[in-house]
Structures are given as structure tokens and as C-alpha cells.
Amino acid sequence: MSAAAVQTRGLTRRYRDVLAVDGLDLTVERGEIYGFLGLNGAGKTTTIRMLLGMIHPTSGSAAVLGATVRRGGRGPWDSVGYLVESPAPYPGLTVAENLWAAARLRGVNDAAVERAVERLGLAPYASRKARALSQGNRQRLGLATALFHEPELLILDEPANGLDPAGVVEVRELLQSLAAEHGVTVLMSSHILAEVDRLATRIGIIHEGRLIEEVSAAELEARRALRLVVEARDPDAARRSLQNAGYDPQPTNTGLELREPRAVERPDDVAATMVASGQAPTRLAVEQEDLEAHFLRLTAPSAELPSPVLRKAS
């Protein structure tokens with residue numbers, strides 16, 4: 001029995017000629033917020049559906065809260081909350097009726113439903129038919145249904161989908177609170193990489209069905225590439241002067257960037273070179289790429305992808 005909240009070994013799913021998930025070894029420790037990232041079609045949702053027993057793997061295995069996910073198995077579903085793709089409430093029922101119906105199936109009392117309504121800001125919409133809800137409020141309803149039975153593990157596929165900026169912040173704070181104060185484990189996929197960057201304690205990147213990177217937030221911070229950003233009144237002349245000094249400046253929307261270590265480590269030398277050539281910089285700053293830039297660099301079509309996994313987080 002695995003002590004991890006989620007563990008897969010060689011998890012594979014093939015649809016005829018399409019290998020959607022390819023030998024995935026994934027570990028999500030209890031109490032962490034795990035950001036599961038990938039391009040559309042990378043295998044994120046297929047993986048999540050296998051973890052929940054919605055579809056069966058072609059080969060390999062998955063365990064959730066120590067229980068092996070298998071055909072016909074009971075599973076630990078009373079301790080798991082999930083939201084996969086778009087919520088599908090009963091359109092003819094109100095928000096409150098949808099929650100009460102789900103609560104009866106879960107064996108959850110009315111007090112738990114009321115807490116979920118309060119947590120997700122659904123009180124003003126309690127008597128509104130589900131078919132009349134905005135996409136964001138349907139998402140809130142789906143999250144409330146995933147949460148009201150106080151699960152040990154939350155598996156969320158695009159939890160902020162359709163939410164306005166205030167709603168995104170509310171969900172972020174809610175997930176942080178659940179993990180920090182109640183020890184809830186969160187496995188979440190998202191296209192809002194800035195939110196994953198703020199939330200996740202560990203991040204895994206899946207590409208073409210393979211896990212190509214899995215790192216802790218601290219490791220990712222150290223791994224992100226540094227660059228020296230340079231701006232000048234005449235970018236073309238500044239670029240020529242740096243090229244003449246043996247640098248490799250690349251044009252950007254606002255100026256130039258240099259990635260070679262000698263430029264990043266000694267920006268004063270770059271500034272001296274520019275001043276000596278009459279092209280004094282108007283801005284010179286060492287910056288670190290954000291998660292989005294790191295993700296795009298790893299998954300770019302021209303990138304030479306590493307073998308799975310680059311390095312496992314300790």
C-alpha cells in the first residue's frame with residue numbers, strides 16, 4: 001500500500017493508433033498541491049480520468065489514497081473530491097437542489113452543503129436554475145460539489161475555468177487554506193500558469209503523454225533560466241556593439257536580451273561595453289523567466305525534449 005496520495009507506475013492509455021499516456025510514473029505526496037501541466041492533448045485529462053476509474057489503462061497501475069484503482073473496485077471515493085472538465089449539473093434544478101441531490105448520494109448533511117455554498121460564494125444564486133448560471137458560477141457549483149464531503153484528496157481539472165479574476169483569487173485562497181490548515185492533498189491541472197506558480201508546492205509537466213519534468217517549487221525556482229534585459233535609445237546600434245564584443249544579443253519587443261552566463265553574471269561588463277561604444281543602456285536588469293516561459297521552452301516544437309523524468313524532486 002502506497003503512503004502517497006496518488007501514485008502511478010507505467011500508466012499507459014492507447015486509443016487505437018494514439019498513445020495518449022505513455023508509461024507515466026507520477027507521485028503526489030499527501031498534503032501537497034501538485035500542479036499538473038501540459039499542452040492541450042498532452043494527456044492530462046486522460047490521466048485524471050484513469051485516476052478516478054472513469055476509463056481503464058491499457059497497461060500500468062494507479063493507486064489513490066493507498067487503494068489500487070481497478071475495474072469494479074470500491075476505491076476510496078468517499079475521501080476524494082473531483083472536478084473533471086466542465087461541471088454537468090442538472091439544468092432544471094436550482095443550485096441548492098443540485099447540491100442537496102449530490103449530498104444525498106454522498107450521505108452528506110445539510111450543514112455541509114451550507115458550508116460549501118458559503119465557501120464558493122453561491123448564496124446569491126441558490127434559487128437560480130443551473131441552466132441559467134454563467135460558466136463561472138457553474139464552475140463554482142462543481143467545486144462546491146467536490147468539496148462538501150470534506151475530502152482528503154481533491155483532483156481538479158481546470159478549477160479556475162470561467163472564473164473572473166476575483167473568483168480565481170478566491171479559489172486560490174481556498175485551496176491554499178485546505179492544504180495548509182486541513183492537510184488536504186490537491187492535484188490540479190490548469191492553463192492559468194501564473195496561478196499554478198502561486199499555488200503549487202510541486203509541479204509535473206506532461207508532454208506527448210510522457211512526464212518530462214517533475215520538480216518542487218524550490219527546485220523550479222533554481223532551474224528557471226536567467227537573462228539580462230537591455231534597453232537603449234538605438235537598439236540596432238546597441239545590438240551591433242554587443243555583437244562586436246562577442247555577445248549574442250537577441251531582439252525583444254522592448255530591446256535586447258542576453259542569456260549567455262558571462263552576460264548574466266557580469267552585467268557591469270555589458271554596460272561598460274555599451275558605454276564605450278556610445279550606446280549607453282537606458283535599462284539593464286537580470287530577470288528570471290516565469291513558469292509560463294519555462295513551460296513553453298520545454299514544450300516548444302523545436303525543443304529537444306529530455307527523457308522522462310529530468311529529475312525527481314526529493
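For these entries I count Ala, Val, Leu, Ile, Met, Phe, Trp, Tyr, Cys and Pro as nonpolar, Asp, Glu, Lys and Arg as charged, and the others, Gly among them, as polar. The model I consulted is a predicted one.

**Entry 1: the cavity**

The largest cavity holds about 70 Å³ of space.

I then asked which residues line the largest cavity. The lining consists of Pro-159, Ala-160, Val-168, Val-171, Arg-172, Leu-175, Met-188, Ser-190, Ile-192, Glu-195 and Leu-199. Sorted by class, this lining has 8 nonpolar, 1 polar and 2 charged residues.

Next I asked which helix gives the largest share of the lining. I noted that helix 5 does, with 4 residues. Helix 5 spans 165-182 and helix 6 spans 193-199, and each supplies at least two residues of the lining.

**Entry 2: Thr-8**

I located Thr-8 in strand 1, which covers residues 6-15. Is Thr-8 buried or exposed? I recorded a relative accessible area of 0% for Thr-8. Buried means under 20%, so Thr-8 is classed as buried.

I also looked up what surrounds Thr-8. Leaving aside neighbours within four places in sequence, I listed contacts of Thr-8 with Leu-24, Asp-25, Leu-26, Leu-51, Ser-61 and Ala-62. For Leu-24 I noted a further detail: its backbone oxygen lies 2.8 Å from a polar atom of the Thr-8 side chain.

Note on methods
Residues are numbered from 1 along each chain as its sequence is written. This is a predicted model: local features need pLDDT of at least 70, side-chain atom pairs count only at pLDDT 80 or more; totals for chains, interfaces and linings use all residues. Side-chain values use heavy atoms; hydrogens and water are left out. Buried means under 20% relative accessible area, exposed over 50%, partly exposed in between (1.4 Å probe, protein chains only). A polar contact is a pair of N or O atoms within 3.5 Å; within protein, one must be able to donate a hydrogen and the other to accept it, and residues adjacent in sequence count only if both atoms are side-chain atoms. Contact means heavy atoms within 4.5 Å. On a 1 Å grid over the protein atoms alone, a cavity is a set of points where a 1.4 Å probe fits but cannot get out, and a pocket is an open set with protein on both sides within 12 Å along at least five of seven lines; lining residues have an atom within 4 Å of a point. Grid points are joined across faces, edges and corners, and a volume is the space filled by probe spheres set on the points.
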